[in-house]
Amino acid sequence: MARQRSKRARNRLRLALAYGFLTVAATVVVFPYLWMALTSFKPIEEFFTYPLQWLSENWTLGQYRAVLEDPRFLKSLWNSFVVSTTVTAVSLLLSIPAAYGLTRLRVRGGKGVLVMILSSQFFPPMIFFVPFYIILSQFQLLNTISGLVFAYLSVTLPVCTWMIATTFRNIPYELEEAARVDGCGDIRTILEVVLRMSLPGIITAGLFAFVLAWQEYIFALLYTTTTEAQTAPVILFFFLGQHQIDYGRLMAAAVLLSLPIIVPFMVMQRYFRQGHGEGGVKG
Amino acid sequence: MTATAASLPPLRRRRHTWIAKGYLFAMPLLVVLALAVLLPALYNVVIAFFDYNAMTQAWRFAGLKNFVKLWDSPYFWNSFVVTLIWVVGNITLQLAVGLAVALALNSIVRFRGAFTGIMMIPWISSFVVVAILFLWIYHPQLGVLNDLLLRLGAIERPVAWLASPELAQLSLILANTWKFFPLVMITLFAGLQDVSTEQLEAADVDGANPFQKFRMVTLPTIMPSISTAVLLSTIWAYNSFTLPIIMTAGGPLRATEILGLFIYKQAFDSFDFGAAAACSLVLFVQILVVIMLYLRVLDKR
């Protein structure tokens, strides 16, 4: 009896410790974003009070207005949007049939090809610095959206193919065969059975590609030098480059840049929790 | 994952007439990957053996000159060492934090989903935004970290987190750990699901304390996950670029100039394309060595 009781007490202590630790960790995780949001609504005068004034007394949308009235930032947001949607569309268009061919059609060596494709994910981006620069300049693609799309595909294609192949593998072959018995051809089988069943996985892969492209910084920094094609992350960096860093504006811009990632995140979270999220993000 | 082919009824397995068709479906992707990944990667190898003159834009075969130049460059060796510290520091911290959080998550039932979701936030965060957030938090006068520590009385004067050569590397590693620990956490959490409850209970009956239980039961089971997590965080640490370039740009006094930044400067500050390509190969080889070690460890088990 006594032992039982002490065991229960120990368990309760363990639980309390776990929740306590997780609460602290969650605070550390959330705090930077909280601080960003707080800063973005703070009028500039309050930045310089000492000790810091954590909560503003005069909330303002001024920083947001300033950022959203900045034509360079707006243009960069638009560029980011165009690049990300194009990259997503092309990635899906290429990786869905490829994943289908390499998994569902049971080709010899299909698995090996997939592993090779995925392993390119782990190449250091630095090995592409110079060759991409030369190739893009040869084809007059520096400072263009197309050039960025080309560079980004090297990152998104492997992940998308791998993620979609993973979902394709989980569809029972019987369903596909039943469709074929019913007289469906390749294309109809793909559309009506495989795609429909793996739609969540495909959406996740698409969102992943979008987020990768949306937050990409390295290639955008190296291969765009004019506002014509510069994406939002790079323009954000230019807010920093000015002599006097306007942190209020910077934080407002960072909030705006983070917003489009929230929805994809909530969808993808489920996927990550199943432990498929090891593909990763480059940086 | 590979079970599908094996578990199929034998009738379907002979169908290898679809081989050609399968690769036909994959062809567009393979062509684009060849153009966007394979070709540039090979091109990079070629460039490493050439000398580029930025003035005349002429290429000349240089043999091993670029590699010799690296070998003789104190800045390269500085970056080499800084990268090693960076990688080891990141692995250690990410593993410690990731393991602690994974264990805590594994021992609770209520709110597990919510906590997991929150913990994944850094990983999905944009690198630029993370860099800016920590730049702001570390700010010597206006930063909230100094403010907090001053209020708590932990420090007497504001600390220059990113501007002092001694602290800059550590501050960067902490920010990078914030960004990457979820990857380790989720990998280890998956591994923890394989730990057998019977064995834990048996250890309980034998009177083992929690620490012993962890060492004798949990740790051996999650060892494969730990190696995978170490591999992943090593690769990402070697591939780092965005956080350091925004937060310190390699400074102060090159104290945080990891190889990624060194390569960037070689290529786009000095326009020494050959040396940059050569250095990126050196980086690549280091990663390959790590992957080989990992496969070796896996083989042994």
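This is a predicted model: local features need pLDDT of at least 70, side-chain atom pairs count only at pLDDT 80 or more; totals for chains, interfaces and linings use all residues.
1. Leaving aside residues up to four places away in sequence, Tyr152(A) touches Val83(A), Val87(A), Ala213(A), Glu216(A) and Phe219(A). Tyr152(A) also belongs to the largest nonpolar core, where it is listed among the residues with the most contacts inside that core.

2. That core is worth a look in your viewer. It has 168 residues, and the ones with the most contacts inside it come from both chains: Phe129(A), Tyr152(A), Phe208(A) and Leu236(A) on one side of the list, with Ala131(B), Ile132(B) and Cys279(B) on the other. Helix 6 of chain A, residues 145-169, supplies the largest share, 15 residues. Because domain 1 (2-40) and domain 2 (70-276) of chain A both give residues to this core, it lies between them.

3. Now to those two domains. The assignment for chain A gives domain 1 as 2-40 and domain 2 as 70-276. Their centres, taken over C-alpha atoms, are 35 Å apart. In the direct contact, four residues of domain 1 of chain A meet six residues of domain 2 of chain A. The side of domain 1 that touches domain 2 is made up of two nonpolar and two polar residues, with no charged ones.

4. How many residues does each chain bring to the contact between chains A and B? Chain B gives 81 residues and chain A gives 76. On the chain B side, the largest share is the 18 residues from helix 3 of chain B (residues 19-47). That side of chain B divides into 61 nonpolar, 15 polar and five charged residues.

5. Within chain B, have a look at helix 10 (residues 197-205) and helix 11 (residues 210-238). Their axes come within 10 Å and cross at roughly 145°, and the crossing is right-handed. From helix 10 of chain B, Gln199(B), Leu200(B) and Ala203(B) meet Lys213(B), Met216(B) and Val217(B) of helix 11. Those contact residues divide into four nonpolar, one polar and one charged.

Definitions and conventions:
Residues are numbered from 1 along each chain as its sequence is written. Chains are lettered from A and ligands numbered from 1 in the order in which they are written. Two residues are in contact if their C-beta atoms, placed from the backbone, lie within 7 Å. Helices (H or I, at least four residues) and strands (E, at least two) are DSSP runs, numbered from the N terminus. Ala, Val, Leu, Ile, Met, Phe, Trp, Tyr, Cys and Pro count as nonpolar, Asp, Glu, Lys and Arg as charged, and the others, Gly among them, as polar. Axes are lines fitted to C-alpha atoms, for helices over the stretch in contact, and angles run from 0 to 180 degrees between N-to-C directions. A crossing is left-handed if the near helix is turned anticlockwise from the far one by less than a right angle, and right-handed if clockwise. Domain bounds come from an automatic or database domain assignment. A nonpolar core is a set of buried Ala, Val, Leu, Ile, Met, Phe, Trp, Tyr and Cys residues joined through C-beta atoms within 7 Å. A residue is buried if 20 or more other C-beta atoms lie within 10 Å of its own, exposed if 12 or fewer, and partly exposed in between; C-beta atoms are placed from the backbone.
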